[in-house]
Every structure is written in C-alpha cells, then in structure tokens.
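Dear colleague,

I am passing on the structure that we spoke about, with the sequence beside it. Please have it open while you read the notes below.

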Amino acid sequence: MEIREFYGEEILRYKQLCSTLFHSPKNEEQLRREIENDEKRKKDFVRLGAFEDELIAGIEIYPYDIVFEDSVVKMGGIGGVISALEARGKGAVKKLFIKGFEKMYEQEQIISHLFPFRGDYYRKFDYEVTAENTVWYIPTEYLRASEVGTVKLYDGSEKMKEDIKSIYHKFVSGKNLALAEHDWDKFFEERRPYESQLFSYLHYTDDVADGFLSYNMRAYEHKTQDVSVSNFWYTDKNGISGVLGYIASLKDHSDKCIVTCNDDLGAYFEFNGGW
C-alpha cells in the first residue's frame with residue numbers, strides 16, 4: 001500500500017468515494033465543479049491517499065489559525081476521511097493519519113481538529129473531545145423584541161462586512177480552539193443579499209454592532225417551519241437579545257427557533273414572560 005499526496009484526475013476518484021460514502025450523490029459535472037471551487041478557495045491544503053493500483057482511502061488537511069491561550073496558533077483541520085470497501089481492515093486510515101501528522105509537523109501545526117462521526121473511533125489516533133455545543137429549542141412565542149438598539153438586514157456593504165468581522169473577533173476572544181478567522185470570501189458569498197437561503201441580520205446599540213446571526217427556514221411536512229440559526233455571534237447581552245428578538249417577529253411563520261452554540265444562553269435570560 002502506497003501513502004502519498006494526490007492531484008489531478010485522482011481527485012475525481014476521491015470525490016466519487018466521498019459522494020458515495022457520505023451519502024451525498026453527485027454527478028461528474030457537479031464533482032468537477034466542486035474540485036474547481038476547492039482549488040480556488042483552499043490554499044495550501046493537503047490531500048493524502050492510500051493506493052493499491054487506485055485510491056482506496058483518503059483524507060484532507062486544511063490549514064487554519066485558531067485562538068489558544070490568548071495567542072493565535074496554527075492548526076491542521078482534518079476533513080473528508082474516507083475508506084473504500086477494498087481498504088477495510090488494512091490499516092489504511094491509520095497510515096494516512098501517521099503521514100498526516102508528519103505533514104502537520106512540517107507546517108508547524110501544533111493542534112489538529114476534526115468533527116468525528118464517532119468520538120471513540122478517533123481516540124485511537126489520540127484525538128479527544130475538547131468542545132461541545134448545545135442545541136437550544138426555543139419556542140418563538142417565548143422571544144420578545146429588544147427595546148435596546150436596532151436590527152438591520154445584512155445588505156452586502158463593505159461596512160456591514162467589517163461590522164460582522166468585528167463582532168466575530170470580539171466573540172471568539174478568549175475562546176480556546178475557535179477559528180481566528182473565517183474564510184470570509186466564502187462566508188459572504190454564501191450570504192448574498194436577496195439571493196441566499198441564509199438570511200442574515202445585525203444588531204446595533206448606539207450605532208455599534210454587537211450581534212449577528214444567519215438563519216434558514218427548515219420546512220417539515222404537515223407542520224410549520226422552524227427557524228434554524230447559524231453563526232450566532234454577539235459581544236454582550238444586548239447583542240444576544242437584539243438578534244434573537246428579531247426572531248420573535250417570525251412567530252407567525254414558525255413555532256420554534258433552533259440555536260446551536262457553546263454558551264449557556266440561560267445564564268443571560270430568565271423565562272419569566274419571555275427572553
């Protein structure tokens with residue numbers, strides 16, 4: 001078994017395995033477009049594969065800067081771990097990780113992240129759970145519009161882009177293992193005003209941006225839609241209550257709001273009469 005980086009047409013084989021093993025079927029045209037977008041967006045990332053005539057297992061390693069103990073350090077993010085049936089029981093993934101750690105060491109990436117399908121599987125590669133999120137299911141009838149500040153729809157302007165970045169940087173300050181920066185080009189491209197399925201809003205107190213969220217409407221058969229919130233960032237209580245307060249205006253369309261975050265929102269609010 002050969003362990004090495006792979007390029008060109010070998011990437012298509014890798015993407016085909018990903019689409020099958022991650023149960024996300026795509027045709028060749030879609031996969032080639034995905035590869036093209038990867039190459040434009042992801043600089044200096046590494047693809048490693050295990051080969052027996054053809055690729056039978058693979059991983060991707062993405063370089064990031066993360067917050068750690070009030071400093072910014074280099075991190076190797078693991079993604080796209082796949083293993084075809086031909087690779088099972090041959091230690092292909094273990095060999096890929098060993099080679100991957102060597103690559104990270106060369107790049108001075110002292111920390112590695114991944115989002116596992118099973119934590120116990122990756123413990124054998126010395127990974128451990130370091131951060132957990134809580135999913136909050138909040139009835140929209142419990143939410144109340146904030147009496148402080150104003151909420152504004154993200155309009156794609158350079159000012160609002162800088163306001164969002166400012167909120168994020170303050171939000172992650174002191175949060176170990178948080179990304180120091182996002183891929184902002186991709187982030188804003190996915191939130192193009194009036195075109196995206198992600199609707200984004202900012203909250204301002206005295207003209208200072210202190211809260212941001214994006215959401216999409218999650219529809220179910222025979223029931224109302226849920227408001228599914230992502231990228232919920234804030235600098236203080238005003239920011240939290242401001243952007244969540246906007247969600248209160250959607251209660252005629254949705255029964256509940258779903259928020260995923262690693263903070264205890266209950267520490268900021270009481271349920272007496274709503275948030």
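This is a predicted model: local features need pLDDT of at least 70, side-chain atom pairs count only at pLDDT 80 or more; totals for chains, interfaces and linings use all residues.

Residues are numbered from 1 along each chain as its sequence is written, and side-chain values use heavy atoms, with hydrogens and water left out.

The structure holds 28 aromatic pairs, where rings of Phe, Tyr and Trp (its six-membered ring) pair if their centres lie within 6.5 Å, and planes under 30 degrees apart count as stacked, over 60 as edge-to-face and the rest as tilted. One of them joins F101 and Y127, whose ring centres are 6.1 Å apart with the planes at 35°, so this pair is tilted. F101 lies in helix α3 (residues 92–106) and Y127 in the loop between α4 (119–123) and β6 (134–139), 26 residues apart; helices (H or I, at least four residues) and strands (E, at least two) are DSSP runs, numbered from the N terminus. F101 is partly exposed at 34% relative accessibility, whereas Y127 is buried at 11%; buried means under 20% relative accessible area, exposed over 50% and partly exposed in between, with a 1.4 Å probe and protein chains only.

The rings of F171 and Y234 have centres 5.0 Å apart and planes at 75°, so they form an edge-to-face pair. Because F171 belongs to helix α5 (residues 158–172) and Y234 to strand β10 (residues 223–234), this pair ties together parts 63 residues apart in sequence. F171 is buried, at 11% relative accessible area, and Y234 is buried as well, at 5%. Elsewhere, Y154, Y168, W184, F187, F188, F212 and W233 form one aromatic cluster.

Charges also sit over rings (NZ of Lys or CZ of Arg within 6 Å of the ring centre and within 35 degrees of the ring normal). The charged end of R191 is placed over the ring of F187, 3.7 Å from its centre, and R4 lies over the face of F51, at 3.8 Å from the ring centre.

Helix α7 (residues 237–247) is mostly covered, with nine of its 11 residues buried, among them I240, V243 and L244. At its start, a side-chain oxygen of D236 comes within 3.1 Å of the backbone nitrogen of N238.

Lastly, the lining of the second largest pocket divides into four nonpolar, three polar and four charged residues, and its largest share, four residues, comes from α1. Ala, Val, Leu, Ile, Met, Phe, Trp, Tyr, Cys and Pro count as nonpolar, Asp, Glu, Lys and Arg as charged, and the others, Gly among them, as polar.

With best wishes

Key:
A polar contact is a pair of N or O atoms within 3.5 Å; within protein, one must be able to donate a hydrogen and the other to accept it, and residues adjacent in sequence count only if both atoms are side-chain atoms.
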